[in-house]
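This report is written for a reader who is new to the structure shown below. Please keep the sequence and the 3D view at hand while reading.

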Amino acid sequence: MEESTEGRGISRRCLLGAAGGAGAAGMAAGGLAGAAGRGWAGDDVPPLAAVGGTSVPFHGRHQVGITTPPQAYGHLVAFDLRPGAGRAAAAGLMRRWSAAAEAMTAGRPPAGDDQIALDAGPSSLTVTFGFGRSFFAKTDLGDRMPAALVPMPPFPGDALDHFRSGGDLWIQIGADDPLVAVHATRILHKAASGTAAMRWQMNGFNRARGATDRPRTVRNLMGQLDGTNNPHPFAPGFDAEIFAADTTGPHAWMNGGSYAVVRRIRMLLDTWEKLPVDRQEQVIGRRKDTGAPLSGGTETTPVNLAAVRPDGALAIPGDAHIRVAAPASNGGATLLRRGFSYYDGPRPDGAPDAGLLFIAWQADPTTGFIQVQRKLAGADGLTRFLRHESSAIFAVPGGAASGSYVGQALLES
Ligand SMILES: C=CC1=C(C)c2cc3[nH]c(cc4nc(cc5[nH]c(cc1n2)c(C)c5CCC(=O)O)C(CCC(=O)O)=C4C)c(C)c3C=C
Ligand SMILES: [Fe+2]
């Protein structure tokens, strides 16, 4: 049975983690020992299960939610500053948001808690904050806007909804428990009151942690393993490809930061599902069941783009998604893809409103997403099964040190 602590509104479970289950760098299963030391000596309380007890520390050089393994539930929320809200108001908001995020990711109740996630533990909650281009003019910080935060160019085939694109501020919320994710979303929305209004919200999901016998690549709504050939955080060159280069001067506030490109990409599932599986595999260039490249091997075997079949045809077709998107086809352009599926029921035309909340992380969107998407829009066999329906790009500053808030180096210097 669950026990809540009177007056503090936090479950004792939150303070007693479970052993095991921290599958990734930066994650701590039962990583709440500090909290547990604050007067909670009970040993008759059942501990949180591994999913609930896993915490991802909020503070660090980089914000969380970039290299953190994708959680089961995700909410992407964009806000616009209210008229009259300038730099000081934005600083106050980032301070409130960071304090709430720091508390919730540690399994503590934030200020003004509504207690809807009392007994769930942190459940790998991450909260990631970003700034859109429009933020800088409204806060009189135009001279601090980095050159890499370019306007997104149009691409052939785009069908963008302006009202679900862009935004002054962005929050990515991820957690392995749905109540924890919704709780964080609602708390952060309430904390914005008076300063910023919600512009759009999109809700997504991935496979539940623990549903498979071992952590494995997520499967998207087309049925493919998606994320296999992502760059690995421990690989040489990863930081240079994904995180902004350290600088001094007006853009030093982005040290440790990254750029997020967010695209809501609807999948034309009724058309896709009519295609035989072997044709679907040719479109991607990988086996649908195992994720192995059509050049052979297992999911993790390096792709051989030069491999030919006995009949002399390319094993991975010329218009296969993984060929056209590969760094080798794009001057080395590398992205870290970390998205969420969405499934929002039927559209008025009867087709499923379903697809991918595609999020790409990179050191520079011009040499990252924009370069690759230009190529894909013209040459990728997958394109005819997709519609890009919203688009945004955000500068995501480095993580906050303990006692400071995300974006402080921008807003207070
Ligand atoms: C602009 C970049 C990309 C968009 C947009 C994009 C959309 C998209 N992709 C899939 C499914 C898969 N993509 C896969 C690999 C892959 N995709 C991109 C880029 C974009 N994808 C890259 C750079 C790569 C890696 C290429 C490589 O070097 O091998 C795969 C294969 C498995 C994997 O490696 O992740 C799948 C499957 C969908 C469904 C989609 C839009 C909805
Ligand atoms: Fe892709």
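Is D140 buried or exposed? With a relative accessible area of 68%, D140 is exposed, where exposed means over 50% relative accessible area, buried under 20%, and partly exposed in between, calculated with a 1.4 Å probe and the protein chains only.

## Basis of the model

This is a predicted model, in which local features need pLDDT of at least 70 and side-chain atom pairs count only at pLDDT 80 or more, while totals for chains, interfaces and linings use all residues. Residues are numbered from 1 along each chain as its sequence is written, chains are lettered from A and ligands numbered from 1 in the order in which they are written, and side-chain values use heavy atoms, with hydrogens and water left out.

## Surroundings of ligand 1

Ligand 1 is surrounded by 28 residues, and the closest of them are G227, T228, N229, H321 and R337; a residue is near a molecule if one of its heavy atoms lies within 4 Å of it. Sorted by class, this shell has 17 nonpolar, 8 polar and 3 charged residues, where Ala, Val, Leu, Ile, Met, Phe, Trp, Tyr, Cys and Pro count as nonpolar, Asp, Glu, Lys and Arg as charged, and the others, Gly among them, as polar. At least two residues of the shell come from each of β9 (258-267), α9 (321-325), β12 (352-362), α10 (369-379) and β13 (386-396), and α10 gives the most, with 4 residues. Helices (H or I, at least four residues) and strands (E, at least two) are DSSP runs, numbered from the N terminus.

A polar side-chain atom of R337 lies 2.8 Å from an oxygen atom of ligand 1, a side-chain N or O atom of H321 is 3.0 Å from a nitrogen atom of ligand 1, and a backbone N or O atom of T228 lies 3.1 Å from an oxygen atom of the ligand. On its own, ligand 1 has 780 Å² of accessible area, and the protein covers 97% of that area, as calculated by the Shrake-Rupley method with a 1.4 Å probe.

## The second largest pocket

The second largest pocket has a volume of about 250 Å³ and is lined by 15 residues, of which M152, G166, S391, A392 and I393 lie nearest its centre. On a 1 Å grid over the protein atoms alone, a pocket is an open set of points with protein on both sides within 12 Å along at least five of seven lines, whereas a cavity is a set of points where a 1.4 Å probe fits but cannot get out; lining residues have an atom within 4 Å of a point. Grid points are joined across faces, edges and corners, and a volume is the space filled by probe spheres set on the points.

Both α4 and β13 supply at least two residues of the lining of this pocket, and the largest share, 3 residues, comes from β13. The lining divides into 7 nonpolar, 6 polar and 2 charged residues.

## Loops and side-chain contacts

D140 lies in the loop between α4 (133-138) and β7 (169-175), and its phi is near 55°, a positive value in a residue other than glycine. S165 belongs to the loop between α4 and β7 and counts as buried at 9% relative accessibility; its side chain reaches the backbone nitrogen of S391 at 3.1 Å.

In helix α4, A137 counts as exposed at 61% relative accessibility, and its C-alpha atom is separated by 9.7 Å from that of D168, 31 residues apart along the chain. S123, in the loop between α3 (87-105) and β6 (126-131), has a positive phi of about 50° although it is not a glycine, and at 1% relative accessibility S123 counts as buried.

D176 is found in the loop between β7 and α5 (178-192) and is buried, with a relative accessible area of 11%. The side chain of D176 makes a polar contact with the side chain of R209 at 2.8 Å; a polar contact is a pair of N or O atoms within 3.5 Å, where within protein one must be able to donate a hydrogen and the other to accept it, and residues adjacent in sequence count only if both atoms are side-chain atoms.
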